[in-house]
Amino acid sequence: MTEATRAVSIPVDSASATSRRAPLSARLRTVILYLLLTALLILYSLPSIGVVLTSLKSNAEIGREGIWTLPDQASLENFRVAWETGNAQKYLLNSLKVTIPATVISILFGVLTGYALSKLSFPGSDSLFTFLVAGMFIPPQVVMIPLFRMFNRAGLYDTLWPMIIVHIGFGIPICTLVMKNFFSTIPTAIREAAVIDGANELRVLIRVMLPLSLPSLAVLATLQFTWIWNDFLWPVIFTRSDDARTIMFGLASLRGQYSVAYGTQSAMALIASVPTLVIFIFFQKYFIRGLTLGSVKG
Amino acid sequence: MSKRRIFHLLILAVIVLSTNAVLVGAQSEVSIVHYYSDALGQATMAGILEGFNAANPEYAVVDNSAGHEDFKTQILVTIAGNNPPDIFSYWAGARTQFIVDAERLTPLDDWWTETGLDEVVPAGVKAAGTHNGHVYNVPMNVHVVGFFYNPKVMEAAGITEMPATWDEFLTVCEALKASGVAPIALGSRNRWPAQYWFDYTVSRTAGPEYRTKLMNGEAKYSDPEVQVAMEAWKQLTDAGYFAADANAYDWDEAANMVANGDAAMTLMGTWITGLWNANGLEPITDYDFFPFPVIDPEIPVVVHGSIDGWVIPTNAKNPDGAKALLAWMLTPEVQQTWALGQGALAASTAIDQTAYNPVMAKAAAYLATVDFLSGYDLSTTPPMAEGGLDMFAMFMNDPAGYVDYLAETQLVFDDVFGG
């Protein structure tokens, strides 16, 4: 081998060695990444796994073995008790009766006010926006007793109405904030073009703006639905009888002062989580897109 | 069927229906709200209320319940909002005192005397529901706090006699530790289970009078008496008699440790028997009871616990109905059904005492011989109780720092009671 070829061959050998090492280190990185992800997945799933395991065991078995062991004899008895004796069926229906209208109406108002404040500026619109958004900072506890008295006088105590009305009221600020900010990202020229073509404002909103707003609407729907569904305070304040109670209240009522009902509570918790899970899966595609809206400009 | 006959039948139906409507219309509603919202509590209470409806057709009870934590908020809002139920369950002690001070509860002295309850309710139990000299809270059941232990574990450690004095208690703990089990299980994750240690060490070393003063804001957490009590508690933690990581567990997990033989005993209320019975444990063979030992023989012995009672708000819409229902709750039959259903001691001594299981009978016999004082969080004001409960949990985490924790608790005390 001449000096020249040796001189050339060295870098070639070194390059081929590097190319052989590269896939190995890439594979190792992938393995580590997957191990890490699996560990994180297990970590994040642990509470849910605990709830599922608990829901399949009797209280005596939970007392004996704890919650982390596999059930000796998996049984759906807890689900039956939660559904029938625990009244989950009635509570679930009540939760839907409160959550669906409150979500839809609060988003509807949010869309209307957001659109008006974003695209139809008028004197004082900025102050009005600040005033509306300031509503988000009112702690519910402050208005608890006045609201109770108001609904009581109106004869609405122990019905679903107070919860629907209050959730709409408390939902409007956040819905307005999100929708106004979203509408502001849509070029005003689009609206103007539609107006020049003869569309009135409602038509512009429904035909032009809303189809563009699906991701943010999905985010709002998911968040509003989950917040209202999981609400616990208002049912405690505004209801007395079983007929007007929501699933979250029912879930808490299963536990007595000095008694435990881990099995039934876990079963009802799983039942209670189904609708929010369905909503999330349904809107998932839009939800992720909505969350990342505006994250990349240009 | 002829038209005439159909006409007669129709008239008859109208008469029957309207009579029924009149009868139903004559019934007056009595609304009750209670915190017995778990399956067992609800079922037992529903049976009791059905019995009342059947025996008193002039009343129709509307039964509602809420989990006890939510109940605390709910009931105060309904009182403040002027739409409370006619009668509701409530804890005797500082919580009742709070509503009495707001002048929202009806005094029941005359009703108490007319019903003759002095003959069947022990004076100590009545006293717990008496505020500013008047009866406001009528007791439904009593829970007694003491040591619940696993007899098999005790036997394995060679212990046949349960301790009656502090020295005997320390000897028993040492023997248990030597046998390889944790002598004491405590599940103080939710803080309150630790309070009974403070209750008993204070009342057994400084006396029940001092303890009452401390609860009312007339004595201080910086007093030497409190330090002596904490030292007694610390003696046990320093010796390693408590199962590790008390703040990681709840009371029922501590109960399970005892039931499973991982620990020998736990300081808890009689409600623990409800949990154990439901899990298939047998009294005497699987679990038993002994009272908190005497530390200073010169000091009168009291028992701590909790009393669940009933109160009638001043703005009840149907106070007569509420009183009728209250009288029903105190009948021996209802008292017995309730006590046995709840794993509690009946407030009335008129029940058949042999109906208790042998362990509950021991607790009942003990209650009959000593004065009763409510547990910490029912004895002092809720904001003070928050500060105290924090202190107990911190103590279980790091007993050595208790002097600092007491100083912090004294700051809460100064805020609450004005120094």
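Predicted model: local features only at pLDDT ≥ 70, side-chain atom pairs only at ≥ 80, totals over all residues.

Me: Is β3(B) buried or exposed?
Reply: Buried. Five of the five residues of β3(B) are buried, so the strand is largely enclosed by the rest of the structure. Both faces are covered: B:Ile87, B:Ser89 and B:Trp91 sit on one side, with B:Phe88 and B:Tyr90 on the other.

Me: B:Ile87 keeps coming up. Which residues touch the most other members of the largest nonpolar core?
Reply: B:Ile87 and B:Val258, in a core of 197 residues. The largest share of this core comes from helix α7 of chain A, residues 161-185, with 14 residues. As general background, nonpolar side chains tend to be buried together in soluble globular proteins.

Me: What does B:Val258 touch, leaving out residues up to four places away in sequence?
Reply: B:Phe148, B:Tyr149, B:Asn150, B:Ala185, B:Ala263, B:Ala264, B:Met265 and B:Thr266. B:Val258 is also one of the buried residues of α12(B).

Me: Tell me about that helix, then. How many residues of α12 are buried?
Reply: Eight of its nine, so to speak of it plainly, the helix (residues 251-259 of chain B) is mostly covered. Among the buried ones are B:Trp251, B:Asp252 and B:Met257.

Me: What do those buried residues pack against?
Reply: Pieces of both chains. From chain A there is α2 (59-65), and from chain B there are β6 (138-149), β8 (263-269) and α13 (272-278). After the helix comes B:Gly261, with a positive phi near 85°.

Me: Which residues other than glycine have positive phi?
Reply: B:Asn82 is one, with phi near 65°. B:Arg191 is another, also near 65°. B:Asn82 is in the loop between α3 and β3 (87-91) of chain B, while B:Arg191 is in the loop between β7 (182-184) and α9 (195-205) of chain B.

Me: Why does B:Arg191 count as buried?
Reply: Because B:Arg191 has 20 C-beta neighbours inside 10 Å, and the cut-off for buried is 20 or more. B:Asn82 has 14, so that residue counts as partly exposed.

Me: Zooming out, what does the secondary structure of chain B come to?
Reply: 19 helices and 12 strands. The radius of gyration of chain B is 24 Å, close to the 22 Å that the globule rule gives for 419 residues, so chain B is as compact as a globular protein of that length. Its C-alpha atoms fill a box of roughly 95 × 50 × 40 Å along the principal axes, and 49% of its residues count as buried.

Me: Which domains is chain B divided into?
Reply: Domain 1 is 29-143 + 305-372, and domain 2 is 144-303 + 375-417. Their C-alpha centres lie 27 Å apart. The contact takes 23 residues from domain 1 and 24 residues from domain 2. On the domain 1 side, α16(B) provides the largest share, seven residues.

Me: And what separates the domain centres in chain A?
Reply: 46 Å, taken over C-alpha atoms. Domain 1 of chain A is 3-52 and domain 2 is 77-291.

How values were computed: Residues numbered from 1 in each chain as written. Chains lettered and ligands numbered in written order. Buried ≥ 20, exposed ≤ 12 C-beta atoms within 10 Å, placed from the backbone. Helix = DSSP H or I, 4+ residues; strand = E, 2+ residues; numbered from the N terminus. Contact = placed C-beta atoms within 7 Å. Core = buried A, V, L, I, M, F, W, Y, C linked by C-beta atoms within 7 Å. Domains from an automatic or database assignment. Rg over C-alpha atoms; globule rule 2.2 N^0.38 Å.
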